[in-house]
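This report describes a protein model, starting with its strand pairing and then turning to its domains and salt bridges.

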Amino acid sequence: MEEKVYPMTLEGKAKLEAELEDLKVNKRKEIIERIKIARSYGDLSENSEYDAAKDEQAFVEGRISVIEKMIRFAQIIDDRDVADDVVTLGRTVSFIELPGSDEESYTIVGSAEADPLEAKISNDSPIAKAIIGKKLGDVVTVETPGGSFDLKITKIEKN
């Protein structure tokens with residue numbers, strides 16, 4: 001079975017590595033300490049602190065596993081070989097929705113580093129799928145579950 005590849009920028013990989021380090025070095029120790037304290041309360045069958053700490057431990061161990069897999073199968077996107085006027089992973093793209101609206105800007109990143117609150121959208125999102133490979137000035141139709149719309153690419157920046 002072929003493993004999934006996780007396209008990401010160098011910055012995205014560095015953030016994942018930092019999160020992994022924090023989870024392994026700090027968070028694990030905190031949780032182990034909370035479990036020790038909760039065990040000292042006695043009967044574990046009705047100990048909500050113990051249950052909560054064990055649930056958090058399971059979550060953290062799952063997250064560590066996911067991050068390790070994403071790092072192991074990371075595909076670092078290097079946009080130096082792509083022309084400056086072409087949309088690709090790692091670039092910030094500005095566009096307007098037609099017939100006319102305010103300009104919006106997003107950085108296209110791999111799904112592992114997507115964060116809409118920081119204007120970072122996944123390469124798997126409908127907008128990114130529609131504009132990757134397009135050029136400055138192109139008009140593109142974006143297909144979404146709620147319908148389609150057109151947008152015009154107004155600026156492409158390397159990061």
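Glu143 has Ser148 as its bridge partner in strand 7. The model is a predicted one, and this pair belongs to the pairing of strand 6, residues 139–144, with strand 7, where 6 bridges join the two in antiparallel fashion. A hairpin links strand 6 to strand 7 through 2 residues. Val140 is also bridged to strand 7, its partner there being Leu151.

Strand 7 spans residues 147–157 and is also joined to strand 3, residues 92–97. Here too the strands run antiparallel, with 6 bridges between them. Within this pairing, the partner of Phe95 in strand 7 is Ile153. In a regular strand, side chains alternate between the two faces of the sheet.

The bridge partners named above are collected here.

| Residue | Bridge partner in strand 7 |
|---|---|
| Phe95 | Ile153 |
| Val140 | Leu151 |
| Glu143 | Ser148 |

Two backbone features lie in loops. A cis peptide bond, with omega of about 15 degrees, connects Leu98 to Pro99. Pro99 sits in the loop between strand 3 and strand 4, the latter covering residues 104–109. Ala119 is not a glycine, yet its phi is positive, at about 60 degrees. The loop that holds Ala119 runs between strand 4 and strand 5, and strand 5 covers residues 120–122.

On the scale of the whole chain, the protein is divided into domain 1, residues 4–74, and domain 2, residues 84–156. Their C-alpha centres are 33 Å apart. How many residues of each domain are in contact with the other? In domain 1 there are 9, and they touch 9 residues of domain 2.

The size of an interface is often expressed as the accessible area lost when the parts come together. Between domain 1 and domain 2 the buried area is about 620 Å², and carbon and sulfur atoms give 54% of it.

The rule finds 3 residue pairs in polar contact between domain 1 and domain 2, with both residues of each pair at pLDDT 80 or more. Which elements supply at least two residues each of the side of domain 1 that touches domain 2? They are strand 1, residues 6–8, and helix 1, residues 10–39. Helix 1 makes the largest contribution to that side, with 4 residues. Sorted by class, the side of domain 1 facing domain 2 has 4 nonpolar, 2 polar and 3 charged residues.

The salt-bridge count for the model comes to 11 by the rule applied, and 2 salt bridges are found across the interface of domain 1 and domain 2. Lys15 takes part in a salt bridge with Glu118, where the closest N and O atoms are 3.9 Å apart. That separation falls within the 4 Å limit for a salt bridge. Lys15 also forms a salt bridge with Glu11, and in that pair the closest N and O atoms are 3.7 Å apart. Both Lys15 and Glu11 lie in helix 1, separated by 4 residues, or about one turn of the helix.

Terms used: Residues are numbered from 1 along each chain as its sequence is written. This is a predicted model: local features need pLDDT of at least 70, side-chain atom pairs count only at pLDDT 80 or more; totals for chains, interfaces and linings use all residues. Side-chain values use heavy atoms; hydrogens and water are left out. Domain bounds come from an automatic or database domain assignment. Contact means heavy atoms within 4.5 Å. Buried area is the accessible area (1.4 Å probe) that two parts lose on being put together, summed over both. A salt bridge is a side-chain nitrogen of Lys or Arg within 4 Å of a carboxyl oxygen of Asp or Glu. A polar contact is a pair of N or O atoms within 3.5 Å; within protein, one must be able to donate a hydrogen and the other to accept it, and residues adjacent in sequence count only if both atoms are side-chain atoms. Ala, Val, Leu, Ile, Met, Phe, Trp, Tyr, Cys and Pro count as nonpolar, Asp, Glu, Lys and Arg as charged, and the others, Gly among them, as polar. Two strands pair if DSSP finds at least two bridges between them.
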